Amino acid sequence: MGGEGSHHGSWTFLTSHARVLLALARDPEVRLREVADTCVLTERTVQAIVADLEQDGYLTRVREGRRNHYRITPGAQFRHPAEAGRDIAGLLALFADNPHGTTTGFRR
C-alpha cells in the first residue's frame, strides 16, 4: 500500500516545464543534457520544453562562445487562469538553491 508502484507515486506537483525552467534558473549555463538527467527527461523533450518557454517569452537563449546562456524573463507570469497575474519569480525564488531567494538566471 502506497509503495513505489502504486498510483500514489505516479503524479507530481510540478510540471516538466516548471522543472526545466527551475534548472535553467539555478544554472543559466547548464547543458541541456544535464537538465535532462536532473529532470529525468530525454534531451529531446528538454529541447522541446526550452523551445516552448522561449517562444512564450519565459526565457531567452544567448549564445556565449560554444555555450548557451539562459535568461529568465523578468515579470513573466503564470499561464493558468488560477494563477493569473502572478509572476513566476516567486516560484523560482522558492526553489532556488541559494540562501538569498534569488535565482542566477533571473535578470532584473
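Predicted model: local features only at pLDDT ≥ 70, side-chain atom pairs only at ≥ 80, totals over all residues.
**Core.** The largest nonpolar core holds 22 residues, and those with the most contacts inside it are V20, L24, V35, V50 and L59. At least two core residues come from each of α1 (16-26), α2 (32-39), α3 (43-55) and β2 (67-72). Helix α1 gives the most, with six residues. Leaving aside residues up to four places away in sequence, L59 touches L21, L24, V50, L53, E54, Y70, R71, I72 and T73.

**Strands.** L59 also belongs to strand β1, which covers residues 59-64 and runs antiparallel to β2, with six bridges joining the two. Within this pair, T60 stands opposite R71 of β2. The two strands form a hairpin with two residues between them, and G65 in the turn has a positive phi of about 70°.

| Pocket | Volume |
|---|---|
| Largest pocket | about 410 Å³ |
| Second largest pocket | about 210 Å³ |

The largest pocket is lined by 17 residues, and T15, H17, A18, F78 and R79 lie nearest its centre. By class, its lining has nine nonpolar, four polar and four charged residues. Helix α1 supplies the largest share of this lining, three residues.

Residues lining the second largest pocket include R31, R33, E43, R61, R63, R66 and R67. Its lining divides into three nonpolar, two polar and seven charged residues. Here α2, α3, β1 and β2 each supply at least two lining residues, and the largest share, three residues, comes from β2.

Key
Residues numbered from 1 in each chain as written. Heavy atoms only, no water. Core = buried A, V, L, I, M, F, W, Y, C linked by side-chain atoms within 4.5 Å. Buried < 20%, exposed > 50% of the residue type's maximum accessible area, 1.4 Å probe, protein only. Helix = DSSP H or I, 4+ residues; strand = E, 2+ residues; numbered from the N terminus. Contact = heavy atoms within 4.5 Å. Pairing = 2+ DSSP bridges. 1 Å grid on protein atoms, 1.4 Å probe; cavity = no way out; pocket = protein on both sides within 12 Å on 5 of 7 lines; lining within 4 Å. Points joined across faces, edges and corners; volume = space filled by probe spheres on them. Nonpolar A, V, L, I, M, F, W, Y, C, P; charged D, E, K, R; others polar.
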